[in-house]
Amino acid sequence: MTTATATTDERTLQELQREHGPALLSFLLGLTYGDRQRAEDLAQETLVRAWLHPEAFSGAYSSMRPWLFTVARRLAIDARRSRLARPAEIGDGVLAVTPDPSDATESAEAALDVRAAVRELSPEHRAVLVRLYFHGLTVNEAAVDLGIPAGTVKSRSHYALRQLGRSLPGYRPRHGVVARRRTAAAQ
């Protein structure tokens with residue numbers, strides 16, 4: 001036994017789309033922050049709901065627009081909640097350029113680049129960086145070890161990092177690394 005469900009006739013649906021479609025799409029573009037594809041999908045789904053619910057046409061409204069906008073708004077809210085409930089999808093393009101963490105080639109290559117760039121520094125600048133970043137000394141400890149004032153250690157560190165930044169493509173020094181180490185050592 002087959003049960004037939006009543007649907008809105010095609011002509012009525014075409015008139016509805018012609019009369020309210022542009023306003024509905026404009027409304028949905030606002031709700032989707034200008035995402036035309038998503039707005040068109042929601043508009044189509046709204047019209048499917050109108051097709052599935054012919055009883056809405058016999059409502060107390062003088063126009064179907066309030067009903068359409070209510071349905072569209074609820075669909076937009078449901079779609080947004082659904083997107084927020086699952087993790088963001090990433091395309092294959094991101095995976096193609098993401099280095100494989102098990103491949104040590106890139107880190108070995110970067111280490112060679114850093115070593116070459118550090119060798120190009122003046123002996124004074126190199127000595128400061130070695131003590132601060134490779135031995136993990138604080139500014140004061142490096143100053144005592146090198147027999148120079150702490151301010152000179154800071155200055156040489158600053159200029160050495162700037163030189164490394166020019167020598168290494170894509171390198172940006174993290175601000176406050178020396179200060180964080182000094183704070184950690186004081187604790």
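Which residue just after helix 7 takes a positive phi? The residue is G147, with phi at about 70 degrees. Point 6 returns to helix 7.

1. **Basis.** This is a predicted model, in which local features need pLDDT of at least 70, side-chain atom pairs count only at pLDDT 80 or more, and totals for chains, interfaces and linings use all residues. Residues are numbered from 1 along each chain as its sequence is written, and side-chain values use heavy atoms, with hydrogens and water left out.

2. **Overall make-up.** The chain has 9 helices and 0 strands. Along the sequence the pattern reads α-α-α-α-α-α-α-α-α. Helices (H or I, at least four residues) and strands (E, at least two) are DSSP runs, numbered from the N terminus. The chain has 187 residues, of which 24% count as buried. Buried means under 20% relative accessible area, exposed over 50%, and partly exposed in between (1.4 Å probe, protein chains only). Take the contacts between residues at least 6 apart in sequence: 59% of them join residues at least 24 apart. Contact here means heavy atoms within 4.5 Å.

3. **The aromatic pair.** A search of the whole structure gives 1 aromatic pair. The ring centres of F27 and F69 are 4.4 Å apart and the planes are at 15 degrees, so this pair is stacked. The cut-offs: rings of Phe, Tyr and Trp (its six-membered ring) pair if their centres lie within 6.5 Å; planes under 30 degrees apart count as stacked, over 60 as edge-to-face and the rest as tilted. F27 sits in helix 1 (residues 10–31) and F69 in helix 3 (residues 65–85), so the pair ties together parts that are 42 residues apart in sequence. F27 counts as partly exposed, because its relative accessibility is 25%.

4. **Y33, a residue to check.** Y33 lies in the loop between helix 1 and helix 2 (36–52). Its phi is near 55 degrees, a positive value in a residue other than glycine. Most residues other than glycine have a negative phi. Y33 counts as exposed, at 70% relative accessibility.

5. **T46.** Is T46 buried or exposed? T46 has 0% relative accessibility and so counts as buried. T46 belongs to helix 2. With neighbours within four places in sequence left aside, T46 is in contact with L24, L68, V71, A72 and L75.

6. **Helix 7 against helix 8.** Helix 7 (residues 139–146) packs with helix 8 (residues 150–167) at an angle of about 105 degrees, the axes being 8 Å apart. That makes helix 7 roughly perpendicular to helix 8. Axes are lines fitted to C-alpha atoms, for helices over the stretch in contact, and angles run from 0 to 180 degrees between N-to-C directions. Angles under 35 degrees count as roughly parallel, over 145 as roughly antiparallel, 65 to 115 as roughly perpendicular and the rest as oblique. From helix 7, V139, N140, A142 and A143 meet A150, V153 and K154 of helix 8. By class, this contact has 5 nonpolar, 1 polar and 1 charged residues. The classes: Ala, Val, Leu, Ile, Met, Phe, Trp, Tyr, Cys and Pro are nonpolar, Asp, Glu, Lys and Arg charged, and the others, Gly among them, polar. V139, A142 and A143 are the buried residues of helix 7. Down the helix 7 axis they fall within an arc of 105 degrees, so they line one face of the helix. The arc is that of the directions from the helix axis to the C-beta atoms.

7. **Helix 6 against helix 8.** Helix 6 and helix 8 pack at about 100 degrees, with axes 9 Å apart. Helix 6 is therefore roughly perpendicular to helix 8. E124, H125, V128, L129, L132 and Y133 in helix 6 meet V153, R156, S157, Y159, A160, L161 and L164 in helix 8. The contact has 9 nonpolar, 2 polar and 2 charged residues.

8. **Faces of helix 6.** In helix 6 (residues 123–134), the buried residues include V128, L129, R131 and L132. The buried residues of helix 6 fall within an arc of 165 degrees seen down its axis, so they line one face. P123 and F134, on the other side of helix 6, are exposed. G136 follows helix 6 and has a positive phi, near 75 degrees.

9. **L161.** L161 is in helix 8. It is buried, with a relative accessible area of 13%. L161 and V118 are 43 residues apart in sequence, and 9.5 Å apart in space, C-alpha to C-alpha.
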